[in-house]
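Biologist: I would like a close look at a single part of this protein. Please go through it slowly and connect it to the rest of the chain.

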Amino acid sequence: MKKNVVILTGAGMSAESGLKTFRDADGLWEGHDVMEVASPQGFENNPELVLDFYNQRRRQLLEVTPNKAHKALVTLEEHFKVTIITQNVDDLHERAGSSHVVHLHGELLKVRSTMGGQPIPWRSNLVLGDTCEKGYQLRPHIVWFGEEVPMMGRAMELTAMADFLLIIGTSMQVYPAAGLIDFVPKGTPIYFVDPKPSIKGNPLNKLYVIPEKATEGVPTVVADLIDKAP
Ligand code: APR
């Protein structure tokens with residue numbers, strides 16, 4: 001039976017594809033206060049600005065491609081059962097070819113009704129007046145600050161089954177995602193790949209720290225894990 005590799009990724013994973021991280025520039029996300037563009041209050045105050053912000057992010061996403069680190073993770077699937085739990089709203093893991101991706105914070109290429117319900121694929125601009133079939137405004141399928149994280153339960157279950165945990169390109173500042181590390185079994189090795197790693201974890205877990213960019217550090221860790229595969 002293949003062992004489980006669980007991988008938690010953050011904005012640093014996609015940085016070298018050309019998507020900016022969140023907390024490098026004074027906490028601004030592409031020039032905006034995150035609460036302005038990533039909270040229910042922000043949407044209520046200025047829905048046009050918020051929709052336009054995600055329209056720009058969506059257009060930008062369609063112009064970038066997966067990097068070497070996304071691709072390296074795909075090769076792990078020959079040897080392990082691999083699950084990626086990502087905080088990223090991009091689809092670069094999927095486009096690289098990863099089979100099991102759980103999006104904790106939603107997906108840029110989906111929208112849903114402001115009244116709830118299932119997400120629908122959406123690649124173009126979303127504007128005021130775009131409604132669901134019941135006539136309610138559509139909104140980005142993004143988990144905003146203060147909102148529930150519906151995939152968290154699934155992510156906790158998956159982390160609790162990890163034989164290896166990789167944490168790539170995340171500042172581990174945003175909860176509940178950052179709390180996933182507490183669900184990893186004692187004794188499961190944890191690998192951190194990040195030029196400025198935020199190292200957390202129980203002393204009963206062996207920690208490996210690779211203070212490098214994802215495109216450099218991830219292929220090294222992947223090769224190391226493949227060597228360890230039964
Ligand atoms: N390779 C790997 N890591 C990198 C790289 C790179 N090339 N460049 C930057 N990093 C690291 C930074 O050192 C930092 O630790 O990526 C991390 C990015 O941290 P954040 O910007 O805080 O992003 P993230 O942890 O994904 O944020 C979590 O916060 O704003 C919310 O919902 C949003 O999902 C996001 C969540």
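In which helix is the place of Thr215?

Modeller: Thr215 sits in helix α8, which covers residues 214-228. Please keep in mind that this is a predicted model.

Take the exposure of Thr215 next. Its relative accessibility is 15%. Buried means under 20% relative accessible area, so Thr215 counts as buried.

Now the surroundings of Thr215. If neighbours within four places in sequence are set aside, Thr215 is in contact with Glu16, Asn67, Lys68 and Ala69. One of these residues, Glu16, also takes part in a polar contact: its side chain pairs with the side chain of Thr215 at 2.3 Å.

Glu147 is found in the loop that runs between strand β8 (138-142) and helix α7 (152-159). Glu147 has a relative accessibility of 23%. Apart from neighbours within four places in sequence, Glu147 is in contact with Pro40, Arg112, Arg139 and Ile142. With Arg139 there is also a polar contact between the two side chains, at 2.9 Å. A further distance concerns His105: the C-alpha atoms of His105 and Glu147 are 9.8 Å apart, while the two residues are separated by 42 residues along the chain.

Both residues belong to a protein chain with eight helices and 11 strands. The radius of gyration of this chain is 18 Å, close to the 17 Å that the globule rule gives for 230 residues, so the chain is as compact as a globular protein of that length. Along the principal axes, the C-alpha atoms fill a box of roughly 55 × 35 × 30 Å.

The contacts can also be viewed over the whole chain. Of the contacts between residues at least 6 apart in sequence, 62% join residues at least 24 apart. As for burial, 48% of the 230 residues are buried, and Thr215 counts as buried.

The surface and the charges remain. The protein chain exposes about 11,400 Å², and 53% of this is supplied by carbon and sulfur atoms. There are 23 positive and 28 negative side chains in the protein chain, and the centres of the two sets lie 4 Å apart.

Terms used. Residues numbered from 1 in each chain as written. Predicted model: local features only at pLDDT ≥ 70, side-chain atom pairs only at ≥ 80, totals over all residues. Heavy atoms only, no water. Helix = DSSP H or I, 4+ residues; strand = E, 2+ residues; numbered from the N terminus. Rg over C-alpha atoms; globule rule 2.2 N^0.38 Å. Buried < 20%, exposed > 50% of the residue type's maximum accessible area, 1.4 Å probe, protein only. Contact = heavy atoms within 4.5 Å. Areas by Shrake-Rupley, 256 points an atom, 1.4 Å probe, with all protein chains shown as cover. Lys, Arg positive; Asp, Glu negative; His and termini not counted. Charge placed at Lys NZ, Arg CZ, Asp CG, Glu CD. Polar contact = N/O pair within 3.5 Å; in protein donor to acceptor, adjacent residues only side chain to side chain.
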